[in-house]
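Hi,

Here is the structure I promised to pass on. Have a look at it first, and then read my notes below.

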Amino acid sequence: MTTLRELLIEELQDLFHAEKQLIKALPKMAKAATNEELKAGFTEHLAQTEGHVTRLEKAFAALGEPAKAKTCPAMKGLIEEGNEAISENECSPVLDAQLIGSAQRVEHYEIAAYGTARSFAESLGETEVAALLQETLDEEGETNKKLTALSETVNAEALAVSAVELDDDEKE
Ligand SMILES: [Fe+2]
């Protein structure tokens, strides 16, 4: 039978892989974004994500476990969807709106995973690990909120270019 401690380690390995995949994906998202604030937001989150990897390494160390990644198919799928959006569409506010959707899916996945791992660590009395996970959890939450706020502007921009396109279609 798997123990709660083993389950925590598995969660950390899954997150370790997820964060590392995200480090590769975020520069592509920043490059594809046309909205300057969104572009800057992706770049900023890249730096944060590097910090998340470091915190996970500290958590592994606190548990006396090697920092190991276990393939996270869920994050892989979420990133694939984002990459697909980038390769199938030209850069525009509409793609920006889609990228926010992809990024928020990623954030929600991470919020769920970090919340679960933090609770496991708390139950196990691993207070240092729980504190490390909580710090990252808070940053993921803030990022998600920033994306929601930014979507207001970006969605309005997407709507404006969509209206222009509709106009052009009518003239043809
Ligand atoms: Fe993260």
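Predicted model: local features only at pLDDT ≥ 70, side-chain atom pairs only at ≥ 80, totals over all residues.

Residues are numbered from 1 along each chain as its sequence is written, and side-chain values use heavy atoms, with hydrogens and water left out.

The protein has 5 helices and 0 strands (helices, H or I, of at least four residues and strands, E, of at least two are DSSP runs, numbered from the N terminus). Its C-alpha trace spans about 65 × 25 × 25 Å along the principal axes. Of the 172 residues, 42% are buried (buried means under 20% relative accessible area, exposed over 50%, partly exposed in between, with a 1.4 Å probe and protein chains only). Among contacts (heavy atoms within 4.5 Å) between residues at least 6 apart in sequence, 80% join residues at least 24 apart.

Next, a helix pair. Helix α3 (residues 73–88) and helix α4 (residues 93–123) pack at an angle of about 175°, with their axes 10 Å apart. Here axes are lines fitted to C-alpha atoms, for helices over the stretch in contact, and angles run from 0 to 180 degrees between N-to-C directions. That makes α3 and α4 roughly antiparallel (over 145 degrees; under 35 is roughly parallel, 65 to 115 roughly perpendicular and the rest oblique). Residues of α3 in the contact include M75, L78 and I86, and those of α4 include L99, V106 and Y109.

Now the iron ion. Its protein donors are E19 (OE), E19 (OE), H52 (ND1) and E140 (OE), at 1.9 to 2.5 Å. Donors are N, O and S atoms within 2.8 Å of the metal (3.2 Å for Na, K and Ca), and sites may look incomplete because water is not among the atoms. H52 lies in helix α2 (residues 36–62) and E140 in helix α5 (residues 127–171), so the pair ties together parts 88 residues apart in sequence. Both H52 and E140 are buried.

By contrast, E152, also found in helix α5, is exposed, with a relative accessible area of 64%.

Cheers
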